[in-house]
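Dear colleague,

Please find below the structure that I am handing over to you. My notes on its pockets and its cavity follow.

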Amino acid sequence: MPRPPILPLIDWETVFRSGKSFPDWIGSAEFPDKAAQITAGLQALSLEPRVQGFMQHLDRPVRVLAIAEDWCGDVVRHVPALRALEMAGPDLEVRFITREQWPGVFARFLTNGGEAIPKFIFLNASWVECGHWGPMPDSCRELIARGKAAGDGAGARQRVAARYAADPLLREVIAELLHGIDIAATGQV
C-alpha cells in the first residue's frame with residue numbers, strides 16, 4: 001500500500017514572526033468600517049474575573065497565530081475575544097497573517113475542505129503546534145455541518161446567528177480559546 005504524502009514541516013517561529021500585532025493588523029485594515037466593528041466589539045467585551053485570573057497565571061508562554069482578514073463576519077465577531085485574552089495575559093502573544101501570505105499554512109486548516117476564517121493556531125513556548133480553533137465555536141460548526149448534510153445551509157446559518165445573538169459576551173468562544181491556551185501552556189501531562 002502506498003504511503004500518504006508527508007506534509008512539509010512548518011517553521012512556526014518564522015510564520016509567527018512574519019505576522020502583525022493586533023494594533024498593526026487593525027491599523028492596516030482593508031475595510032475601516034469592519035475595523036471599527038472589531039474595536040467596538042473589543043470595547044464592549046469584559047472578561048470574567050476567573051478568566052482574567054487564568055490568563056494572568058499561565059504556566060508558560062503561549063503564542064496564537066491568527067489567520068484573519070477584516071472583511072469576514074466571523075473574524076469581526078471572534079477576534080475581539082482573542083484580543084481581550086491577549087490583553088489580560090502577559091504570557092499570551094498573538095500575531096495575524098492572511099490566507100494569501102502563507103497559503104501552505106492555511107491549506108492545513110480548511111474547514112470541511114473549505115476556506116473559512118478565522119483560524120487560531122495555538123503554539124507552545126517551543127513553537128510546537130498544540131491545536132487550532134475556528135472559524136466558529138464547535139456547536140456552531142456542527143450546526144453548519146448538519147445544515148449542509150440536510151440540504152438546509154440557510155437554515156443552519158440562521159440558527160448560528162441566533163446562537164451568536166444569545167451569547168453577546170462570547171462566553172462559548174472564550175471557553176474554547178481558553179482550552180486551547182491551557183493545552184499550549186501545559187508544562188506536564
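What volume does the largest pocket have? The largest pocket has a volume of about 470 Å³. A pocket is an open set of points on a 1 Å grid over the protein atoms alone, with protein on both sides within 12 Å along at least five of seven lines, and lining residues have an atom within 4 Å of a point. Points are joined across faces, edges and corners, and a volume is the space filled by probe spheres set on them.

Please note that this is a predicted model, in which local features need pLDDT of at least 70, side-chain atom pairs count only at pLDDT 80 or more, and totals for chains, interfaces and linings use all residues. Residues are numbered from 1 along each chain as its sequence is written, and side-chain values use heavy atoms, without hydrogens and water.

Twenty residues line the largest pocket, and D74, A116, P135, M136 and I144 lie nearest its centre. The largest share of this lining, five residues, comes from α7, a helix (a DSSP run of H or I, at least four residues, numbered from the N terminus) that spans 138–149.

The second largest pocket holds about 220 Å³ of space. Of its 15 lining residues, F122, G131, H132, W133 and D138 are the closest to its centre.

There is also one cavity of 30 Å³ or more, a cavity being a set of points where a 1.4 Å probe fits but cannot get out. Its lining consists of R77, P137, C140, R163, Y164, D167, E172 and V173.

Yours sincerely

Methods: Helix = DSSP H or I, 4+ residues; strand = E, 2+ residues; numbered from the N terminus.
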